[in-house]
Amino acid sequence: MNEENGNGGGRKYAELAEKNKENHIFAMESDAGGFSPRGFSIEADESNFTKISNWKTLFEPYLIHKFVEGFTGVDIAPLKSKQIVKIGLQPDSQRYFDYHHASNDKFDAVNKRELELGAATMAAMLYLIDKYGID
């Protein structure tokens, strides 16, 4: 919560995780719009990045083909652990600023099918992380 005004929620969550000695190994975020999914940004060590990148072929038939190393999202950015993999859903960004902070930036303007495709894409990634783990 509060990402737009200093990321108080993400920072507080990370603070409490550290205080409680929690060891997060995986975090995923979707904060780039509810549009058709195109892939993921990944923050991981080289071994895990390679492992996850090898799953790209499973997503390509659905035009989900962008697996890039890089920033995954503001909300999960403060999380730090010895070994953490962070993944951010990357949707098609063509229409992002048609809605972002505009008067039509409301839930009823979201394309239900595109939002569901993004959720399914994230679920597929989570399944693979759960099935094969991280190194």
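This is a predicted model: local features need pLDDT of at least 70, side-chain atom pairs count only at pLDDT 80 or more; totals for chains, interfaces and linings use all residues.
View 1. The side chain of S36 is joined to that of E114 by a polar contact of 3.0 Å. When residues up to four places away in sequence are not counted, S36 touches P91 and D92 as well as E114.

**View 2. Q90 in strand β4.** Not counting residues up to four places away in sequence, Q90 touches P37, R38, G39, F40 and S41, and also K66. The C-alpha atoms of Q90 and T72 are 8.8 Å apart in space, while 18 residues separate the two in sequence.

**View 3. The largest nonpolar core, with 17 residues.** The residues with the most contacts inside this core are F40, I42, I52, F59, I87 and M125. Two or more residues are given to the core by each of β2, α2 (46-53), β4 (85-91) and α5. Of these elements, α5 gives the most, with 4 residues. Another core, of 6 residues, lies apart from this one and includes A17, A27, I76 and I84. In soluble globular proteins, nonpolar side chains tend to be buried together.

**View 4. Contacts of M125.** M125 is one of the residues with the most contacts inside the largest nonpolar core. Leaving aside neighbours within four places in sequence, M125 is in contact with M28, F40, I52, W55, F59, F67 and I87.

**View 5. A nonpolar patch on the surface, formed by F107, V110 and L115.** Together these three residues have about 290 Å² of accessible area. F107 is located in the loop between α4 (96-99) and α5 (112-132). With 68% relative accessibility, F107 counts as exposed, because the term applies over 50%.

**View 6. Positive phi values at K21 and L63.** Most residues other than glycine have a negative phi. K21, which is not a glycine, has a positive phi of about 55°. This residue is placed in the loop between α1 (8-19) and β1, and K21 counts as exposed at 73% relative accessibility. L63, also a residue other than glycine, has a positive phi near 65°. The loop that holds L63 runs between α3 (56-59) and β3 (66-69). L63 is exposed, with a relative accessible area of 53%.

Terms used. Residues are numbered from 1 along each chain as its sequence is written. Side-chain values use heavy atoms; hydrogens and water are left out. Patches are made of residues with over 30% relative accessible area and no salt bridge: like charges are joined within 9 Å, nonpolar side chains (Val, Leu, Ile, Met, Phe, Trp, Tyr) within 5 Å. Accessible areas come from the Shrake-Rupley method with a 1.4 Å probe; for residues, only the protein chains shown count as cover. A salt bridge is a side-chain nitrogen of Lys or Arg within 4 Å of a carboxyl oxygen of Asp or Glu. Buried means under 20% relative accessible area, exposed over 50%, partly exposed in between (1.4 Å probe, protein chains only). A polar contact is a pair of N or O atoms within 3.5 Å; within protein, one must be able to donate a hydrogen and the other to accept it, and residues adjacent in sequence count only if both atoms are side-chain atoms. Contact means heavy atoms within 4.5 Å. A nonpolar core is a set of buried Ala, Val, Leu, Ile, Met, Phe, Trp, Tyr and Cys residues joined through side-chain atoms within 4.5 Å.
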